[in-house]
Amino acid sequence: MAFSVALHPAFLLVVLSLKTSRSEVLGEPFQLTPEILTVSTESKLQQVNLQWTVPNLTHQELKMAFQIEISRINTSNIVWVENYSTTVKWNQLLHWNWKSEIPLECVTHFIRIRAMVDDAKYLPQNSWSNWSSWKEVSVQVSVAPNTLLIFPDNKLLEEGSNVTICLLYGQYLYNVSCMLQKEPIHGEQLDSHVSLIKLNNVVFHSVSGTNIHCKAMNATKMIFGTVLFVSKVLEEPKNFSCETQDFKTLKCSWEPGVDTALVWSQQDSQSYTLYESFSGRRELCDHRNSHNWQITDDSQETYNFTLTTENNLRKRSVNLIFNLTHRVHQKAPHDVTLENIDARKANMTWKVLSRGNNYILLCQIELQHEREVIHEHNVSVHMSASYLFSDLEPDTKYKARVRCADANHFWKWSDWAQKEFCTPEAAPSQALDVWRQVRSENGSYVVTLFWKPLLKSQANGKIVSYNIVVENQDRLSESEHYSVPAPALGTQLSLDPCSYKIHITANNSVGVSPESVMVLSNDSGHEEVHEKRIKGTKDGFHISWEPTSGDALGYVVDWCVHSRDQHCDLQWKNLGPNTTSTNITSGAFKPGVRYNFRIFEKSMQQKAQLLEKQTGYTQELAPLENPEVTINNFTSNSFILSWPSYDSDFQSAFIEGYHVYLKSKEMQCHPKGKRMTLPDYWVLCEYEIKDPEQKAFTVENLRPESHYEFLVTPYTSAGQGPNETFTKVMTPDENSNMLLKIILPMTLCVLLIIIACYWKSQWVKEKCYPDIPNPYKSSILSLIKSKKNAHLIMNVKDCIPDVLEVINKVEGPKTQCIVSGNPHNEDVSMKPPSSVPTEDGSSGSVPFFFFENFTYDQSAFDSGSHGLIPGPLKDTPCQLGLLTPPEKLLNVLEKDYMKSLAESPTEETSLIYVSQLASPMGGDKDSLATNPPMPGHCSEYKMQMAVPGRLPSLALSENNSLTSEILLGQGEQ
Amino acid sequence: MDLRAGDSWGMLACLCTVLWHLPAVPALNRTGDPGPGPSIQKTYDLTRYLEHQLRSLAGTYLNYLGPPFNEPDFNPPRLGAETLPRATVNLEVWRSLNDKLRLTQNYEAYSHLLCYLRGLNRQAATAELRRSLAHFCTSLQGLLGSIAGVMAALGYPLPQPLPGTEPAWAPGPAHSDFLQKMDDFWLLKELQTWLWRSAKDFNRLKKKMQPPAASVTLHLEAHGF
């Protein structure tokens, strides 16, 4: 056993050496095990660098394949296997690197390698060599307690890529939550101290980076974080092109795409580099989107450019190869002029930059009018050229422009060179479209001429005026000229009733248009033709007519746009001789408006004869209003309703008839009517009048003294008029007419008598019952006068009374008097005034008592001033306070006084009521007039004063206030 | 209004008294040296203006840094910003500061902060932000000059920067950009706190330097009523 153990290694060595020598000799494959020299890391790049050699390599060069395995955390967890083939030289140091998706600080990696000869010179080898031993790859970091380390730090990556964030927890730290900017992110726990957060498809947030920040639950104040610098993806330059204008500089331009710059020194804006392969020149571009490349070698015709853009993460290139002569961007033509401009044509000349006698340019010419290209033409040009624009419009602004390009190798048009010009005016080319309206007024024609404005292409300039020549056909020598300044489109002429030929032309500054002729005959405007009703559509009317003669020059259809208005706005349409119908359309047509069309036939002599009248609506509407109905022949059992006719132009449709509605209680309808029963025993009778010309309706069989209600409404094809309130009527009594016939004359007679009596009342009074017989006026006086005895009649003034007879004796010296108190105070004090001024200024010692009379005296109130009230003397022998104006007062007083004398009410009372005017100052009224009562306080109450019958008297005090005074005895007077 | 002869005499006497005392009011005595008062007032005004200016600048800059730096409740510990001059101080300590020390601390703080602030400008991506920062730096330079003026008026020497202590804005290659953002946050925060503190400092100094004549004026005003 021991022998066999000792023999075994020796045997193997022999076998191996034999095998090796046999392989070398036979050229067969053999196994070479690689040997790892170093394994280094680049933490920021998360990169593992492997260096190895192939010992025992005896060949100078040998093509070999290597297989590298990487495992994570432990050797059995293989995460990466890669085959790498290369030609190995003798004693060569081989390199390979690998980028880890997980930061190397976070987990330990292991790496090993094996090899296989893969050279065609040798037999194919199917088996790998032995693996090298595992090498551990780790980046040592120490995490302090209560600290969190986040890897990678300051990572630069491209938008859309994936990244794995790794968190290394220090001691005592747990429950860590992380946020990406504002979004929470979650990871997987790798072990108790490491967790990984995978971020897929990261997006760009800001040039200042994307913040990832974490907090631990047990150390909330601590913030740990890292910044991911997410760069936008570098874009390939677009539309890269180069061109020259002068063969000295090539201007290369492109669209650069987004700027991928980031701050914090992470990444600058991408750079652009131009490389030309034939010259081998490389230039860093001075702008992001263009670069001027100086042409240094005139002989170089072909250029091969490579434009490269680059940032920290990526590089992109575009290539462009071209012949210089094919990339010539011609400069804009110069010295553009327009010559010999007239109303219809103009000549344009221009010059171009030429590069030799054989150099031909293609030029494009454009003529624009109001920004619209109306003419385009291409011409070949050597040095200079000209082009004639024809068919131009007079009095029109044009813009002529030209651009050129290389005719042999078209690359790009040059910029435009342009010039504006305006053609002069020309005489109007077209006759005016004219029409007329004729009406008779006071035995003469009023002819209104209308014409349509010429189109710009017809006017050929600004129309200044319109000339009208009126030729009298009956008296050929007579013609009148009128000039109507533009922009008028019509004029009115007053002509004698003759035949006329009217010539109308339009003038501009250059000349006159062809004339338009119209002939008016004697009967123009008086033609009577039948009016036909037509039915329009919402688009307009279809008008057709029957031609009367075969030699018509044409037809004219006219109508008013505003048939309801004063301003008719006459429209017309000229039609050819073979036309017998036309469609009239207008946006101005409105539903419910009647349009009247007249069709004229124009004869060869330019005379227009009215053929037809047609009228219709685009859309008929129900009537908008009901007629105003009047009632005639109103009797107790019938009345007639009548209404005026509508103006046809104001009808919203053709009126087909009327409906008459009659409403009453318990009414019998006429057999022709339609009866309908309404609530509350009301009956409605509907009568239809089918003749629109019938404008009256007799309502019969009515009951006297009954209420009836009626409504008259027209109807059209679109419906009837508005449902308005019914008009109410009441039939009269059967005898009421009779009574009216008797009573009215009687009343008139009585009134006349009353007026006559009133008129002669004074006379009658004086004659029949005078108040006091006036002896001077007595008829007897005439007899006395005749006897010439003037003293026959006694004068009262001349009498001195001897005895004053007391008719009634009052007990006690009581005097009743009403003194004017506060006129507005109904609670007049019963307290008498302490003193009452008398005529001589002393206070009377006679006691007064007061009472009130609440009778409202309207006459005093109405008089508007204070005054004595002419009340009945039997109640008011003594009155104070209320005043009337002096002039009224006199009359009143006079009457009262006279009345008091006449009506002495001694039988009824123990007191004698004495008028204030029965004053001791004088008994005649003349003396009263000299002392009128002055206004005092106003009162609306009658104040009365009762004076003891024995000594009744009143006087006016000096200060014009009314004061009652007791006269102690007439005898003392 | 009812004025009697006695009142008129009283008012005239009062007016005369005021006129008699007018030369004693320093504010009206133009012949004398105004002292450091106006320049302290100007410095105080400048701090208030800078406070206002910083408010808008900080908003823009913190938005530029992104979340969480622009969140209102973000209050990280002051870890990496140890080199920044600290504005917060114990109230008793602050009260016990003499004028010279008070002014010196202000001057030194703004010298450092200005230097750091200029570093921010290099980080700013947008032209507008760079312009705002440059404008603020100019204003802060003005404040520094103003403080120097007050110190000179009071006869205090300007603090000399010690060799080697010049603050430098040179984050090492290993320095995390997140911590750098944190430093920026703290720079703006300290700047704001310093401006608040300076306003208090100069207000205190202003009151202290106010001439005693003000009391005479008040006395006269009281008489007037």
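Visitor: What is the relative accessible area of C363(A)?
Guide: C363(A) is classed as buried, a class that means under 20% relative accessible area, whereas exposed means over 50% and partly exposed lies in between (1.4 Å probe, protein chains only). The value computed for C363(A) is 0%.

Visitor: What kind of model is this?
Guide: Residues are numbered from 1 along each chain as its sequence is written, chains are lettered from A and ligands numbered from 1 in the order in which they are written, and side-chain values use heavy atoms, with hydrogens and water left out. Local features need pLDDT of at least 70, side-chain atom pairs count only at pLDDT 80 or more, and totals for chains, interfaces and linings use all residues, the model being predicted.

Visitor: What is the handedness of the disulfide of C363(A) and C404(A)?
Guide: A disulfide here is a pair of cysteine sulfur atoms within 2.5 Å, and those of C363(A) and C404(A) are 2.0 Å apart. The torsion about their S-S bond is about 100°, so the disulfide is right-handed.

Visitor: How many residues apart are C363(A) and C404(A)?
Guide: C404(A) is buried as well, with a relative accessible area of 0%. The disulfide of C363(A) and C404(A), with sulfur atoms 2.0 Å apart, links distant parts of the chain, from strand β26 (residues 361–369) of chain A, which holds C363(A), to strand β29 (residues 397–406) of chain A, which holds C404(A). Strands are DSSP runs of E, at least two residues, numbered from the N terminus, and the two cysteines are 41 residues apart.

Visitor: Which strands hold C178(A) and C214(A)?
Guide: C178(A) and C214(A) form a disulfide with sulfur atoms 2.0 Å apart, and the link is right-handed, with 110° about the S-S bond. The pair ties together parts that are 36 residues apart in sequence, because the strands concerned are β11 (residues 176–180) of chain A for C178(A) and, for C214(A), β15 of chain A.

Visitor: Which cysteine sulfur is nearest to that of C285(A)?
Guide: Counting bonded cysteines along the chain, the disulfides of chain A follow the pattern 1-2, 3-4, 5-6, 7-8, 9-10, 11-12. C285(A) is in no disulfide, and at a distance of 8.1 Å the nearest cysteine sulfur is that of C252(A).

Visitor: Where does P152(A) lie?
Guide: A cis peptide bond joins F151(A) and P152(A), with omega about -5°. P152(A) lies in the loop between β8 (148–151) and β9 (155–158) of chain A.

Visitor: What is the relative accessibility of N239(A)?
Guide: N239(A) is not a glycine, yet its phi is positive, about 50°, and the residue is found in strand β17 (residues 238–243) of chain A. N239(A) counts as exposed, with a relative accessibility of 57%.

Visitor: How much area do chain A and chain B bury between them?
Guide: Contact means heavy atoms within 4.5 Å, and by that rule 22 residues of chain A touch 22 residues of chain B. Buried area is the accessible area (1.4 Å probe) that two parts lose on being put together, summed over both. Of this area, 63% is on carbon and sulfur atoms, and the total is about 1,600 Å².

Visitor: Which element gives the most residues to the side of chain A that touches chain B?
Guide: The count of residue pairs in polar contact between chain A and chain B, both residues at pLDDT 80 or more, is 8; a polar contact is a pair of N or O atoms within 3.5 Å in which, within protein, one must be able to donate a hydrogen and the other to accept it, and residues adjacent in sequence count only if both atoms are side-chain atoms. The elements that give two or more residues to this side of chain A are β15 (210–216) and β16 (219–231). The element that gives the most, with 8 residues, is β16(A).

How values were computed. Helices (H or I, at least four residues) and strands (E, at least two) are DSSP runs, numbered from the N terminus.
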